[in-house]
Amino acid sequence: MTDQWWKRAVVYQIYPRSFADADGDGVGDLRGVIDRLDHLAELGVDVLWLSPTYPSPQADNGYDISDYQGVDPLFGTLETFDELLAAVHARGLKLIMDLVVNHTSDEHPWFVASRAGADNPRRDWYWWRPARAGTAPGTPGAEPTDWGAAFGGPAWEFDEKTGEYYLHLFSAKQPDLNWENPEVREAVYAVMRWWLDRGVDGFRMDVINMISKTVNPEDGALPDGRRQAGAAYADGSASYLCGPRNHEFLHEMHEQVFAGRDALLTVGEMPGVTVDEARLFTDPARAEVDMVFQFDHVWADRGPDPRTLVPLRLTRLKAIFNRWQTGLAEVGWNSLYWNNHDQPRAVSRYGDDGPRHRVASAKMLGTVLHLHRGTPYVYQGEELGMTNFPFRTIDDFRDIEALGPYAQAVEQEGRSPEDVLTVLRARGRDNARTPMQWDASPHAGFTAGTPWLAVNPNYPQVNAAAERADPDSVFHYYRRLIELRHTEPAVVDGDFTLLLPDDERLYAFTRRLGATELLVIGNFTGGFVRAELPDAAAWSSAELLLTNLATAPDDLTLGPWQAAVYRRRG
Ligand code: TEU
């Protein structure tokens, strides 16, 4: 078995569009990343994950790819990419690419050929279907199934030329590839080998649990979905999440691409994956992927209708993590994240982003997450405690996932704009996509031009330069947290036991490895709270490894948003 080095690693996600703009066009680029590598090296992370920089019409900020073997001029050239990769490797770091192969752009030559005619050799590379029986093709309701697309509207786009529909689970500019076709799979594997040969260290695989769809063997039809009251379209996910051939495809990919190559990292993004499925996906003996991104904890604040918000309960959050920690304790491995380019900022969502508690609560959240068993992911700006953006109207958003569903909700479903905006402000992906805040100069030092998305107005206070100069900053705390994983084996391999499962204020657990035991406590409130642990007396005299407030907890009484990590031996 190859060394599972990624158990000791921390991954940092770069969203290049918003990281650093070297050429002044308002959009971040690869040169900008090269220029800022010192920041990442100082933070001490081990792996960089680069969100897509391939040629793309940018309908979904690069998650719509028109050429898998290049770099979009917006971000640079293949030469700049090679230079970045060499610079990353020179610092002893690794780089993983975003692999978006559930779908391509509609401008990808594969799809251009596929839509050229029903007899084109590439026709079957995508999901083409006739109109529903007994309907007029191209009219509302004639779509082959009633599924909605993630970015609003139906999941099927009518194509005049051939009178058929193609499937797009995301936007119409992101047609789904047909993984049933072995030529598609071989083409994807060839692309992956090409990047690995170039020196990249692995892949984050976009919605990789959507590549196998249920096909009804009798008539080739896809079944209708489940519909919420008042919704214009249905949820078809039962037909495409963790479908029948998902494991087979990932194992084949492993054999065709990864076998015989060392020291890679593969992580599959899997909305809606269950613990039982994830155990299979990440069982080393099955040779599929190293770890997956599950979504349960980031869906903990939405109601049964996903378009609604419910208050986040700490007990619910803890139960979710506990299920994943225990479910993958013997077999498999967790990835750990609060944030990425699709999620609102953690400090605004789970902490308190007001001036009094922002720093403490950002540090507390980092502590609790990083001390779980699994590989932690830090999303750009999280290490600064960056916050959500004060969006006012829909005009402040750029994200296709905000604009499309807003139009559908307001125009088709007759919902109130203010209600839809309330959810978007709390959960919209643009919260994560505002430019990285480097310093207190105009546009936070992100660009000399006009940023593609407005910089958060709190940048004069919240920025990397200020935090690097302040030993008490979120940045320096994250540095210590990452270092702790590198120096304390119990953080990596220790078992996990949740304490106080019914407590709505404290998040507490232990990690044990041999004679070493760690106790982690996080206070999710702005008040003082005592941890009522059975062996409190023994713990209060244990070594305090890390805390985020100037004063250590007294008798396990934690201050506002305080986190504490204790260690004892024996
Ligand atoms: O995201 C998958 C996903 O589930 C998103 O639809 C959505 O952003 C999430 O539910 C939070 O609202 C991946 C990428 O990370 C995302 O950026 C892409 O837009 C999407 O796939 C399509 O490639």
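## Helix α15 on the sheet

Helix α15 (residues 474–487) lies across β16 and β18 (563–569), at about 135 degrees to β16. Helices (H or I, at least four residues) and strands (E, at least two) are DSSP runs, numbered from the N terminus. Angles run from 0 to 180 degrees between N-to-C directions, and axes are lines fitted to C-alpha atoms, for helices over the stretch in contact. Contact means heavy atoms within 4.5 Å.

The model is predicted: local features need pLDDT of at least 70, side-chain atom pairs count only at pLDDT 80 or more, and totals for chains, interfaces and linings use all residues. Residues are numbered from 1 along each chain as its sequence is written, and side-chain values use heavy atoms, with hydrogens and water left out.

## The sheet

Five strands form an open, antiparallel sheet, in the order β12-β13-β14-β18-β16. Strands pair if DSSP finds at least two bridges between them. β12 (495–499) and β16 (543–547) are the edge strands, each pairing on one side only. Neighbouring strands are turned by 20 degrees against each other on average, direction ignored.

β12 and β13 (residues 506–513) run antiparallel, joined by five bridges. Asp 495 has Arg 512 of β13 as its bridge partner.

Helix α8 (residues 314–327) lies across β12 and β13, at about 20 degrees to β13.

Helix α7 (residues 275–282) packs against α8 at about 40 degrees, with the axes 10 Å apart. The contact uses Val 275, Ala 278 and Arg 279 of α7, and Arg 323, Trp 324 and Gly 327 of α8.
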